[in-house]
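Good morning, colleagues. I would like to take you through one structure today, moving from its overall division to individual contacts between side chains. Please keep the sequence and the model in view as I speak.

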Amino acid sequence: MVGLDAAAAARKDRKVDVIRERILAIQPGAQVAIFAAPWQEVSDALKFSDVIFGGVDSYRARDELERFARRFLIPYLDLGMDVHGDQAPYTITGQVILSVPEGPCLRCFGFITEHRLTEEAQRYGAAGGRPQVIWPNGTLASTAVGKFMQLVTPWSLNRPAFYTEYDGNRLTLMPSRKLQALQGHRCPHFDGPLALGDVVWGQADRPVPASTP
Ligand SMILES: [Zn+2]
């Protein structure tokens, strides 16, 4: 994990504490709220977010987090990678998907399917931890930040691509070919007012939520 040193590992520091220390070392004036809990338990704080970066492991977790983000009209950036194969040479794939209201969702792209959810549920408990590798994750995280900058600032002339694929063997990032197939497509998965939660507008000056212990 970025920011974790030997002393923090020996103390078994929590990830959220390590990250908070890193942020405050870079910008001492930053307001940082941390929650060492499943997001569902602190969703009241999360629903006031301007953007959600998702680094969750499973399709089920992605599906739930995207649904939540869509309900509150929050842009959701999904990052993920996989290492395929039992021994070297491995294959590494990854993706950064931007899901925004009115845009295609993870289901539109065929990234989340009922088949994948069912297959994953059946595998649950049998598979070990999914390996994570720092250089693909660094690439994917920086790409997600780039999309965020394109989305919310006038920094770039381009709008962010909704789906960028990472080829971890060639070390390339490319817009997904699925984007062409979905030109002019309207997402049918989060349609209508019933898909919305209690959206709150004009909260730009709200205080940063308090951390939990
Ligand atoms: Zn959709």
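The protein is divided into two domains: domain 1 covers 1–36, and domain 2 covers 39–194. Between the C-alpha centres of domain 1 and domain 2 there is a distance of 24 Å. Please bear in mind throughout that this is a predicted model.

Let me begin with the surface. Met1, Leu4, Ile19 and Ile23 together make a nonpolar surface patch of about 310 Å². One of these residues, Leu4, is located in the segment before helix H1 (6–11). Is Leu4 buried or exposed, or does it fall in between? Its relative accessible area is 37%, so Leu4 is partly exposed.

I turn now to the aromatic residues. How many aromatic pairs does the structure hold? There are five aromatic pairs. In one of them, the ring centres of Tyr59 and Phe111 are 5.5 Å apart and the planes stand at 65°, so this pair is edge-to-face. The angle decides the matter, because planes over 60 degrees apart count as edge-to-face. This pair links distant parts of the chain: Tyr59 belongs to helix H4 (residues 59–71), while Phe111 sits in the loop between strand E3 (91–99) and helix H5 (114–123), and the two are 52 residues apart.

Another edge-to-face pair is formed by Phe109 and Tyr163, at 4.9 Å centre to centre and with 75° between the planes. Phe109 lies in the loop between E3 and H5, and Tyr163 in strand E4 (residues 163–167), so this pair ties together parts that are 54 residues apart in sequence. Phe109 and Tyr163 are both buried.

Two further remarks on aromatic residues. Trp39, Phe68 and Phe72 form one aromatic cluster. And Phe111 has a charged neighbour: Arg116 lies over the face of its ring, 5.6 Å from the ring centre.

That charged residue brings me to the salt bridges. The count here comes to 12 salt bridges. I shall start with Arg62 and Asp78, whose side chains meet in a salt bridge at 2.8 Å, N to O. Which parts of the chain does this pair tie together? Arg62 lies in helix H4 and Asp78 in strand E2 (residues 76–84), so the pair ties together parts that are 16 residues apart in sequence. Are these two residues buried or exposed? The relative accessible area of Arg62 is 5%, so Arg62 is buried. For Asp78 the value is 0%, and Asp78 is therefore buried too.

A further salt bridge joins the side chains of Arg107 and Asp63, at 2.9 Å, N to O. Here again distant parts of the chain are linked: Arg107 is in the loop between E3 and H5, Asp63 is in helix H4, and they are 44 residues apart. Arg107 has a relative accessibility of 17%, and since buried means under 20%, Arg107 counts as buried. Asp63, with a relative accessible area of 3%, is also buried.

Arg107 has another partner, Glu114, and their side chains meet in a salt bridge at 2.8 Å, N to O.

Val56 is in the loop between strand E1 (52–54) and H4. At 22% relative accessibility, Val56 counts as partly exposed. Val56 and Gln183 are 127 residues apart along the chain, and 28 Å separates their C-alpha atoms.

Pro188 is placed in the segment after helix H7 (178–181). Its relative accessibility is 52%, and because exposed means over 50%, Pro188 counts as exposed. Pro188 and Pro104 are 84 residues apart along the chain, and their C-alpha atoms are separated by 8.8 Å.

To close, I would return to the loop between E3 and H5. Phe111 in this loop pairs with Tyr59 of helix H4, Phe109 pairs with Tyr163 of strand E4, and Arg107 is linked to Asp63 of helix H4. Thank you for your attention.

Conventions:
Residues numbered from 1 in each chain as written. Predicted model: local features only at pLDDT ≥ 70, side-chain atom pairs only at ≥ 80, totals over all residues. Heavy atoms only, no water. Domains from an automatic or database assignment. Patch = residues over 30% accessible without salt bridge, like charges linked within 9 Å, V, L, I, M, F, W, Y side chains within 5 Å. Areas by Shrake-Rupley, 256 points an atom, 1.4 Å probe, with all protein chains shown as cover. Salt bridge = Lys/Arg side-chain N within 4 Å of Asp/Glu carboxyl O. Helix = DSSP H or I, 4+ residues; strand = E, 2+ residues; numbered from the N terminus. Buried < 20%, exposed > 50% of the residue type's maximum accessible area, 1.4 Å probe, protein only. Phe/Tyr/Trp six-rings, centres within 6.5 Å; stacked < 30°, edge-to-face > 60°. Lys NZ or Arg CZ within 6 Å of the ring centre and 35° of its normal.
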